[in-house]
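Let's take a friendly walk through a protein fold, from its sheet to its cores. Have the structure open beside you as you read.

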Amino acid sequence: MPSRGRRRCRHRKRRYGLRLLQKQACTAAETRLVSPANTGLHGRARAMKTAITEMFGIQHPIIQGGMHYVGFAEMAAAVSNAGGLGIITGLTQGTPEKLANEIARCKDMTDKPFGVNLTILPTLTPPDYPGLVKAVIEGGVKVVETAGRNPVDLLPPLKDAGIKVIHKCTSVRHSLKAQDIGCDAVSVDGFECGGHPGEDDVPNFILLPRAADELEIPFVSSGGMADGRSLIASLAMGAQGMNMGTRFIATREAPVHDNVKQAILAASELDTRLVMRPLRNTERVLTNEAVERLLVKERELGDAITIQDILPEVAGVYPKIMAEGTMDAGAWSCGMVAGLIHDIPTCQELIDRIMLQAEEIIARMQAMARAG
């Protein structure tokens, strides 16, 4: 006789089965390519309409996620001008005044929608989150990407201002919580992602269909996303678009030292490491001398390790790496997708290539269906 847990699982699968089929049918009907009205776009990919492009007012269902010391105005504007959704990283700016200035700079570079990332960190001296939210609202930003802890305290002023909120989640349960508190969409981060993948270790081939089974709000895939194959696979599994981080670092407009871009080009999918697991603050980073030293500390100290033991490898390292190019300064976030990155295009070239490849895959699949 099956256990009570297995009976509940089977019941849940039957319960969501019909809803999933209905949602997949709606996704197939609503995700479509739209020919550009402007003939000056000849040679570029057509727009793709999904729930995410409609929600955020963008041409292509591609988001540049918030990245520390990467998500400056130059990065966000380049992605938005290419038809995606660029994101300024709020905590890199640090203060409401600096964030307001960065938003203004981005507006000088693009008239397209862009967003701001607000990551909620556990800290004894938290940033001025109300002030950062005020800067977002007064700056006329229409999309906020939240990450880290539950963003419920930030939502009322953002929602009152008509701002759409997409929350980054590493599990289905966290995605459902984001939906319950009123987030408009979620970014579902699989185990492959750079940065913090959570503690469940579920890759996107499982996580994305599970999210599609359970969520009512639209979601995008994140982690391991690099090209048109990533986009079409994400759509097939129920997502309405994709979020890319590491791939956007390796673009010409990314405001980071060339050493960072070259390190990504030189890396394979085997060159990332998981650090801070004993602290339950797991981060996927690109290997270097500091990272390997950190891992030795984790092995030797075991459960007795504290954040103080690894401060030399993790504290204040991002300016040294991203701005100065000192690649062994410490641990910096990088996804396994580095194994799929082989060039440094402009954001326009990258997004056009992704969308053209997606069109080719759709055409090939349609031809296969007709042949059958």
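Two strands count as paired if DSSP finds at least two bridges between them. In this predicted model, strand β8 (residues 185-189) and strand β9 (residues 219-222) are joined by 4 bridges and run parallel. Look for S187, which stands opposite V220 in β9.

That pair belongs to an open sheet of 8 strands, with parallel pairing and the order β3-β10-β9-β8-β7-β6-β5-β4. At the edges you will find β3 (62-64) and β4 (86-89), each pairing on one side only. From one strand to the next, the twist averages 30°.

Now turn to two helices that meet the sheet. Helix α5 lies across β4 and β5 (114-120), while helix α8 packs on the sheet and touches β7 (164-169) and β8.

| Helix | Residues | Strand compared | Angle |
|---|---|---|---|
| α5 | 96-109 | β5 | about 155° |
| α8 | 172-181 | β7 | about 160° |

Next come the nonpolar cores. Which residues touch the most other members of the largest nonpolar core? They are F248 and W332, out of 44 residues in that core. Several elements supply at least two residues each, including α3 (73-81), β10 (242-244) and α12 (258-266). The largest share, 7 residues, comes from α16.

Zoom in on F248: leaving aside residues up to four places away in sequence, F248 touches I62, I63, Q64, M67, M75, V79, A254, C347, L350 and I351.

Definitions and conventions: Residues are numbered from 1 along each chain as its sequence is written. This is a predicted model: local features need pLDDT of at least 70, side-chain atom pairs count only at pLDDT 80 or more; totals for chains, interfaces and linings use all residues. Side-chain values use heavy atoms; hydrogens and water are left out. Axes are lines fitted to C-alpha atoms, for helices over the stretch in contact, and angles run from 0 to 180 degrees between N-to-C directions. Contact means heavy atoms within 4.5 Å. A nonpolar core is a set of buried Ala, Val, Leu, Ile, Met, Phe, Trp, Tyr and Cys residues joined through side-chain atoms within 4.5 Å. Buried means under 20% relative accessible area, exposed over 50%, partly exposed in between (1.4 Å probe, protein chains only).
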